[in-house]
Amino acid sequence: MLADLSEALQQRQQQGLYRSRPVLEGPQSPHVTIDGREFLAFCSNDYLGLANHPALIEAIAEGARRYGVGSGASHLISGHSQAHHMLEQALAAFVGLPRALLFSTGYMANLAAVTALVGREDVIFADRLNHASLNDAALLSRARFIRYPHLDLVALEKRLAATDAQRKLVISDAVFSMDGDQAPVAGLLALCRRFDAWLLLDDAHGFGVLGERGSGSLYSLQQEEWSAPHLIYMATLGKAAGVSGAFVAAQAPVIETLIQHGRTYGYTTAAAPLLAHALLTSLQLIEQHSWRREQLARLTGRLRNNLQPLPWQLLPSETPIQPLLTGESQEAVRLDLALREQGIWVPAIRPPTVPEGRARLRISLSAAHTETDIDRLSAALHALARH
Ligand SMILES: *Cc1c(COP(=O)(O)O)cnc(C)c1O
């Protein structure tokens, strides 16, 4: 049996697909230490640079003193702490929806939201580039799973018009994790309204980053649009928020349904209350520190400007996710390794994470980067383009 596994692993290695885990020696930061060597890193989702913020470290310590370390039980038994409860209320108010429900991870939130809302008789329509957790959720739900071309509202409309299923659920990343581009949120909402379908928006990469207050991808909607009854908003708390966890926000009957039927809600130990306690502080920092979003926008503009002349295509993205398309996996890996030799770390992303022929360097920026960091990466890429 072990020989079997070893053979499959060897094959994976030969295909250049073997995954291994660099071990970070300190906190998440643009400057990380691995095996005693410092790297300028462009690979975290710590967009606002909060993952190592002193106020959050202090809040975690205070949370531990107040609530202890472990939650001790699931939310439905005795693990639902006052800290969880207050955070849910704060999150709902922050994104402007009536209720919110906390989960331990975004992966679990997506599994619960999809499987609690649709089943065998229903249909799911999903953008082709959605996050893996949404696709897994769709398969687990046993609903019919129909994928539409990336961002294509016309194709989605045709598919919605062609179904006679009772319950319809449209699922989309709000900011696409490997491309950095954004879903047409208002258009999706309007289509769902017309066809009486639910819309589940996964804003893992927009929450904290988009909108003046950092409230995420709904910020540009009109009040009557975003209070639409069929909107289900999901975001994670381990990316821009700098801590861990996720939440779903929606109308009260949706949230109550998730509490009743969400298997990844009920059948798991609640996350430590100290995390929820720290997230209350994180939410304040997100709202008050608009300079972090301004810094991100400046750095993003500077990087795009610097990289425009390169032979590799810079995908059209206004978010801190800035992919540089190489096409072939070998080229992406070559750039990744060459940068690493110079102490710069930008991950190569290859199929199956992205479609065949769409390999890339995925540059992700943080408000903790400086203009000097951006210029160092740009100069290194320009030098590689010349060789
Ligand atoms: C990261 C991510 C998730 C999963 O969130 P975790 O909290 O890391 O489990 C879900 N959806 C998208 C789009 C993501 O990028």
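## H205 and its neighbours

Setting aside residues within four places in sequence, H205 is in contact (heavy atoms within 4.5 Å) with N45, Y47, V175, S177, K239, I321 and R362. One of these, Y47, is joined to H205 by a side-chain polar contact of 2.6 Å. A polar contact here is a pair of N or O atoms within 3.5 Å; within protein, one atom must be able to donate a hydrogen and the other to accept it, and residues adjacent in sequence count only if both atoms are side-chain atoms.

H205 sits in the loop between β7 (198-202) and α8 (223-226). Helices (H or I, at least four residues) and strands (E, at least two) are DSSP runs, numbered from the N terminus. With a relative accessible area of 5%, H205 is buried; the classes are buried under 20%, exposed over 50%, and partly exposed in between, using a 1.4 Å probe and protein chains only.

## How to read the model

This is a predicted model, where local features need pLDDT of at least 70 and side-chain atom pairs count only at pLDDT 80 or more, while totals for chains, interfaces and linings use all residues. Residues are numbered from 1 along each chain as its sequence is written, and side-chain values use heavy atoms, with hydrogens and water left out.

## Around the ligand

Which residues come nearest to the ligand? Of the 13 residues around the ligand, they are G106, Y107, D202, H205 and K239, where being near takes a heavy atom within 4 Å. A polar side-chain atom of D202 lies 2.5 Å from a ligand nitrogen. Ligand oxygen atoms feature too: one is 2.6 Å from an N or O atom in the side chain of K239, and a polar backbone atom of Y107 is 3.0 Å from a ligand oxygen. The protein buries 81% of the 380 Å² that the ligand exposes when taken alone; these areas come from the Shrake-Rupley method with a 1.4 Å probe, and for residues only the protein chains shown count as cover.

Helix α4 (residues 106-117) gives the most to this shell, with three residues. By class, the shell has two nonpolar, eight polar and three charged residues. In that scheme Ala, Val, Leu, Ile, Met, Phe, Trp, Tyr, Cys and Pro are nonpolar, Asp, Glu, Lys and Arg are charged, and the others, Gly among them, are polar.

## N45, a partner of H205

N45 belongs to the loop between β2 (37-41) and α2 (54-67). Not counting residues up to four places away in sequence, N45 touches H205, K239, A240 and R362. Is N45 buried or partly exposed? N45 is partly exposed, because its relative accessible area is 23%.

## Backbone details worth a look

D35 has a positive phi of about 50 degrees although it is not a glycine. D35 lies in the loop between β1 (31-34) and β2 and counts as exposed, at 70% relative accessibility. L151, also not a glycine, has a positive phi near 65 degrees; L151 is in the loop between β5 (144-148) and α6 (153-161) and is partly exposed at 31%.

The peptide bond from P351 to P352 is cis, with omega near 10 degrees, and P352 falls in the loop between β13 (348-349) and β14 (359-364).
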